[in-house]
Amino acid sequence: MTKAARAPASPRRGVGLAVTEPAPSQKTPAPVQLSLGFDVPAAPAAPTNATAAAAPGPDRHVVLSGERCSYTLRRARRRTIGFQIDDRGLTISAPRWVSLRDIEIAILEKERWIRTRLEQWRQWRAKRQLPQVNFADGGQLPFLGGTITLRLRADLRASELAAGPNGDELRLALPADAAEVQVRDAVQAWLKEQATRVLGERLDALSTRNGVRYTSWALSSARSQWGSCAADGRIRLNWRLVHFTLPVIDYVVAHELAHLKELNHSPQFWAQVARLLPGFEAARDHIRKEDLASLPL
Ligand SMILES: [Zn+2]
């Protein structure tokens, strides 16, 4: 957002309102690997235990500091015991001739390393818990900063937003037993329609009020940018902005309109944003915390 030095992704000159770089801990940690050397025995023996063969998923466990730790054991043609920790947990690759007992001893030797890495992955997964929308009657999703409930109504000819007994309902012209993908498509189509209307209205309102002119605008579906403004005055706004409140939408609109005068993120640019939308800071801080990549739609 404030990365003035960053070149725009498109070769066409312009600037985009990029999603804030996730903190390092939010990025997918790279799988970590470690290998532990073993002396190759004079005569490699076949595995003594038949159950030691590879199995899908965590199939074994050891106790680390009183806590059960599952791991997947892979018998591999290698000379060392390999430890890998990724989203699936701990995987041990070991030569066929290393006994289970020796593998467990090796795990215990690397206990601190394993526990640290497993905890990093656990935290990463917790952060990535995506908000799930149940695309069926009764499912709920965010709209303009509030929550709307989905209703499937075969008697309707078109989707409509209406007041229900427990708040706003998005009534979709679909039979009660419509497939999840049908519901999802209908919801997305409706949200894009709303985005065209709402974002268009806010662009008109803010540009007219401030006497600025843009060439044209279009919806975008980018998973990396809330909006962008090209040097020729064309603005793109992400349709997913309809999930948020009008002040947040206004901030993104004002941000892109400000780029019509300042194609950068200099102090002069921020002065333009303030002129277009006094008191924009709270909305800017709000959207900086949102993760566009993890919105439910
Ligand atoms: Zn910008």
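Strand S11 (residues 216-220) runs parallel to strand S13 (234-238), and five bridges link the pair. Here strands pair if DSSP finds at least two bridges between them, and helices (H or I, at least four residues) and strands (E, at least two) are DSSP runs, numbered from the N terminus. The model is a predicted one, in which local features need pLDDT of at least 70 and side-chain atom pairs count only at pLDDT 80 or more, while totals for chains, interfaces and linings use all residues. Numbering starts from 1 along each chain as its sequence is written.

S13 also pairs with strand S12 (225-230), in the antiparallel sense, over three bridges. Arg236 of S13 is a handy landmark here: Ala218 is its bridge partner, and Ser228 stands opposite Arg236 as well. S12 and S13 form a hairpin with three residues between them, and Gly233 in the turn has a positive phi of about 90 degrees.

We turn next to the interior. In soluble globular proteins, nonpolar side chains tend to be buried together. A nonpolar core is taken as a set of buried Ala, Val, Leu, Ile, Met, Phe, Trp, Tyr and Cys residues joined through C-beta atoms within 7 Å. The largest such core holds 38 residues, of which Leu241, Tyr251, Val252 and Ala254 touch the most other members. Among the elements that give two or more residues to this core are S12, S13 and helix H4 (246-258), and H4 provides the largest share, eight residues. Leaving aside residues up to four places away in sequence, Leu241 touches Ala195, Leu199, Trp226, Ile249 and Val252; contact means C-beta atoms, placed from the backbone, within 7 Å. A second, separate core has 14 residues, including Ile81, Phe83, Ala94 and Ile107.

H4 also packs against helix H6 (281-289), at an angle of about 95 degrees and with the axes 9 Å apart. Axes are lines fitted to C-alpha atoms, for helices over the stretch in contact, and angles run from 0 to 180 degrees between N-to-C directions. The two helices, H4 and H6, are therefore roughly perpendicular, the word used for 65 to 115 degrees (under 35 is roughly parallel, over 145 roughly antiparallel, the rest oblique). Pro247, Val248, Asp250, Tyr251 and Val252 of H4 meet Ala283, Arg284, His286 and Ile287 of H6.

How values were computed:
A residue is buried if 20 or more other C-beta atoms lie within 10 Å of its own, exposed if 12 or fewer, and partly exposed in between; C-beta atoms are placed from the backbone. Two residues are in contact if their C-beta atoms, placed from the backbone, lie within 7 Å.
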